[in-house]
Amino acid sequence: VRLNHEPREHRVRAILLLLSSLLLGGCGPAESPDAESPAPAGADTAAGALERRPATLRFHGDSAQVTVPAEARAGEPLRVSLTTYGGGCTREDTTEVRVIGLVADVTPYQLAPREGSAMVCTMELRLNRRDVDVLFEDRGAAMVRVIGVSQPGDSAMRIERKVTVR
Amino acid sequence: VADTLTESPDVHRWELTGHRVTQLSVDSSSVRLLSWSLHASLDVRIAAPFVLVQADGERRAIDPVASEEVAPLLTLVGRGMGSLVVTRSGTLELGFGEGTTLECGPSRRRDAFQVQGGGALEGVAYAAGDHGTAPWSG
């Protein structure tokens, strides 16, 4: 466990935040809670300490696993599976899917501590899996783009996969 | 503004922001371009023949083992480094300010190119593979 060196009042607040997050299930299993019971968009369960942001898709050179079938049928859901990197205080949130023509943007979100937050977090790396369905109405050469960030550096990241829609 | 990575099974494309060539090194078999700042660093070493395409379209073929050919690279020092594109087939393309690009094709030469990031670009690592292996791991 890494403890930030903060003033006493911050430390007391951090302990209270940790206890509250434990009571709220912050130490649940490492599997992604996203698929079945995502946190509501913009949910902030630690009194403003967490913010909703695009999920980490790449961590120190290791990229997310994105699985997209090479072919799909128009009007039928296409299952897209992907992994995101989380941590001790980083929790899975919802995944947004937006399809315009033959381009589908899939944006997974996480709840992560705000910069400067006094939260106490365990130093662990979680690999969380999500499954979402994408629906193309048109036939042709389509593209699925998974949008998130690369860490460190907070670089914007896009993982692309081609799909033939018949 | 952070950098942007677009990754597909065949291409990794980095759009870089705020990076500048701060050092050029030449040795008997390679050239090395370094972009360094307090925020991030990017180290590119090339040991295979490549082409420097100037903004006016002029193409200069350069072999790092022929050190007398590398003089045009001096103009890159201080220039912005705007893009880095690596393909599965083993090509490297660097984009600099004012339309200058450096293109390194697949080569049989050992360690044809290596790219290593630091700081905010830690984890950026590419190395020309042997016989068709991708320049990235995973």
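In this predicted model, B:Asp63 and B:Arg109 make a salt bridge, with their closest N and O atoms 2.9 Å apart. A salt bridge here is a side-chain nitrogen of Lys or Arg within 4 Å of a carboxyl oxygen of Asp or Glu. B:Asp63 sits in the loop between β7 (59-62) and β8 (81-87) of chain B, while B:Arg109 sits in the loop between β10 (101-104) and β11 (113-119) of chain B, so the pair ties together parts that are 46 residues apart in sequence. Strands (E, at least two residues) and helices (H or I, at least four) are DSSP runs, numbered from the N terminus. As for accessibility, B:Asp63 counts as buried because its relative accessibility is 18%, whereas B:Arg109, at 32%, is partly exposed. The cut-offs are under 20% relative accessible area for buried, over 50% for exposed, and in between for partly exposed (1.4 Å probe, protein chains only).

A word on the ground rules: residues are numbered from 1 along each chain as its sequence is written, and chains are lettered from A and ligands numbered from 1 in the order in which they are written. Local features need pLDDT of at least 70 and side-chain atom pairs count only at pLDDT 80 or more, while totals for chains, interfaces and linings use all residues; side-chain values use heavy atoms, leaving out hydrogens and water.

Over all chains, the structure holds 17 salt bridges. One of them crosses between chains, running from A:Arg58 in strand β2 (residues 56-59) of chain A to B:Glu7 in strand β1 of chain B. The closest N and O atoms of A:Arg58 and B:Glu7 are 3.7 Å apart, and both residues are buried. Within chain A, A:Arg129 pairs up with A:Asp131 in a salt bridge, at 3.2 Å between the closest N and O atoms. A:Asp131 is partly exposed, with 28% relative accessibility. Salt bridges also link A:Arg52, A:Asp93 and A:Glu96 into a network.

Now for the place where the two chains meet. Chain B and chain A each put 15 residues into the contact, with contact meaning heavy atoms within 4.5 Å. The size of an interface is often given as the accessible area lost when the parts come together. Between chain B and chain A, the buried area is about 1,200 Å², and carbon and sulfur atoms give 46% of that; buried area is the accessible area (1.4 Å probe) that two parts lose on being put together, summed over both.

The count between these chains is one salt bridge, along with seven residue pairs in polar contact (both at pLDDT 80 or more). A polar contact is a pair of N or O atoms within 3.5 Å; within protein, one must be able to donate a hydrogen and the other to accept it, and residues adjacent in sequence count only if both atoms are side-chain atoms. On the side of chain B that touches chain A, strand β1 (residues 4-7) gives the most, with four residues. Strand β11 (residues 155-165) of chain A pairs with β1(B) in the parallel sense over four bridges, where pairing takes at least two DSSP bridges. Opposite B:Thr4 in β1(B) stands A:Ala156.
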